[in-house]
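Colleague: Can you walk me through this one? Start wherever you like.

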Amino acid sequence: MPFEMAVADGEAARGAVRDELWLLGQPPLRDYLDFVRRLVVDGASLDPRALTDKWREANDRYYELERTEAGVADKAGRRPLPKAMRSLAESVSQTAHFRRTFDSLPVTIEMVQLDRLVVYQPHVTLPFTERLQAQVDPGMDAEALFRFCHPVERRDPPVRARRIDDKRYLFTSDSTDFRLHDPALLRPDQIVEHDSFGPISAAIGLMVGYGSNFLSVIRSDSRMLLHNGYHRAYALRAAGITHAPAVVQTVTRRDELQLVASAVVVDEPAFFFASKRPPLLKDFFDPKIARVLPVKRMEKMIEVSFEIREYDVPCA
């Protein structure tokens, strides 16, 4: 079977291939076929008709779920944090990363039902989820569960940086969470361990790094969409844990959604928040929908360039 081929030991050791679990049956079909052709191992040689047949089977399964589970996403469970988590939630909410990430809309931290979270990301990376599952104990206490969902101490992958020329730099990471942060105007006292040929008056910081890494959802009316933390949510669900503490951002209109949601959600909000049976986290565990694909490992690269112009102008 093309989707269940074994990866050679040597190739896996080099990290050239990783197994990803994909939700099939979600539109658009063309995007799925393009992905397989470009990034799945030997994808260009796979029969598009056979790929379409597998996609159609999953799509038929979603039509079936529209009849048998219509409205299930509107019954997503929410409940207050247990007492043992409340001081942890208060502490996390005071961190700079939390305040900067969730500074636009009403926010709470609640226990949410994992199975009924709507999902927009159609895949998870299995080696990563397996490493996370090793940290999960179905009987873990409230503190351990909270810290798993909202880790303060982090071990992000290293970033490789190199100078391309006088005005261009390239940064590379193995994480898809790697991103450009907002530029900042820095004062001289914020610049340390830098020797210059003269006094520094100001600096512009073009910074790269990672996201805040909180498990978070976006709530609209009675539905909740998993926004961040897909691998942790999957690992918890695989271990049999049904509810997890999540940061809940509440939106009441599309303009608010544009502030916090990914582009795919903003472009098609009705699909996720109004359709009879949108894709849910539990679909990753449905063999009629989810398939393992051997995917070429990707790196995230960010190129930063800048331009300088100098002017002599008369004083007013």
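Modeller: This is a predicted model. I'll start with a helix pair: H4 and H7 are roughly parallel to each other, because the angle between them, about 30°, falls under the 35 degrees cut-off.

Colleague: Which residues of H4 and H7 meet?

Modeller: On the H4 side they are Ala 84, Met 85, Leu 88, Ala 89 and Val 92. On the H7 side they are Ala 142, Glu 143, Leu 145, Phe 146 and Arg 147. By class, that contact has eight nonpolar residues, two charged and no polar.

Colleague: Is the crossing of H4 and H7 left-handed or right-handed?

Modeller: Right-handed.

Colleague: What about H7 and H8?

Modeller: H7 and H8 pack at about 145°, and their axes are 10 Å apart. Leu 145, Phe 148 and Cys 149 of H7 touch Arg 232, Ala 235 and Leu 236 of H8. Five of the residues in that contact are nonpolar and one is charged, with no polar ones. Leu 145 of H7 is also among the residues that meet H4.

Colleague: What angle does H8 make with H6?

Modeller: Roughly 60°, with the axes coming within 9 Å; H6 is residues 126–133 and H8 is residues 230–238. That makes H6 oblique to H8. The crossing of H6 with H8 is right-handed.

Colleague: And which side chains are involved there?

Modeller: I can give you residues. Leu 126, Phe 128, Thr 129, Leu 132 and Gln 133 in H6 meet His 231, Arg 232, Tyr 234, Ala 235 and Ala 238 in H8. The contact of H6 with H8 holds six nonpolar, three polar and one charged. Arg 232 and Ala 235 of H8 also meet H7.

Colleague: Change of topic. What is the volume of the second largest pocket?

Modeller: About 540 Å³. The pocket has 21 lining residues, and Gln 26, Pro 27, Pro 28, Tyr 120 and Pro 122 lie nearest its centre.

Colleague: Which elements contribute two or more residues to that lining?

Modeller: Strand E1 (17–23), helix H2 (29–39) and helix H11 (269–273). H2 gives the largest share, with five residues.

Colleague: How many of the lining residues are nonpolar, polar and charged?

Modeller: 14 are nonpolar, three are polar and four are charged.

Colleague: You listed Pro 27 and Pro 28 by the pocket centre. What kind of peptide bond joins them?

Modeller: A cis one, with omega about 0°. Pro 28 is in the loop between E1 and H2. For background, most peptide bonds are trans.

Colleague: Where is Asn 213?

Modeller: In the loop between strand E10 (208–209) and strand E11 (216–220).

Notes:
Residues numbered from 1 in each chain as written. Predicted model: local features only at pLDDT ≥ 70, side-chain atom pairs only at ≥ 80, totals over all residues. Heavy atoms only, no water. 1 Å grid on protein atoms, 1.4 Å probe; cavity = no way out; pocket = protein on both sides within 12 Å on 5 of 7 lines; lining within 4 Å. Points joined across faces, edges and corners; volume = space filled by probe spheres on them. Helix = DSSP H or I, 4+ residues; strand = E, 2+ residues; numbered from the N terminus. Nonpolar A, V, L, I, M, F, W, Y, C, P; charged D, E, K, R; others polar. Axes fitted to C-alpha atoms, helices over the stretch in contact; angles between N-to-C directions. Parallel < 35°, antiparallel > 145°, perpendicular 65-115°, else oblique. Left-handed = near helix turned anticlockwise from the far one by under 90°. Contact = heavy atoms within 4.5 Å.
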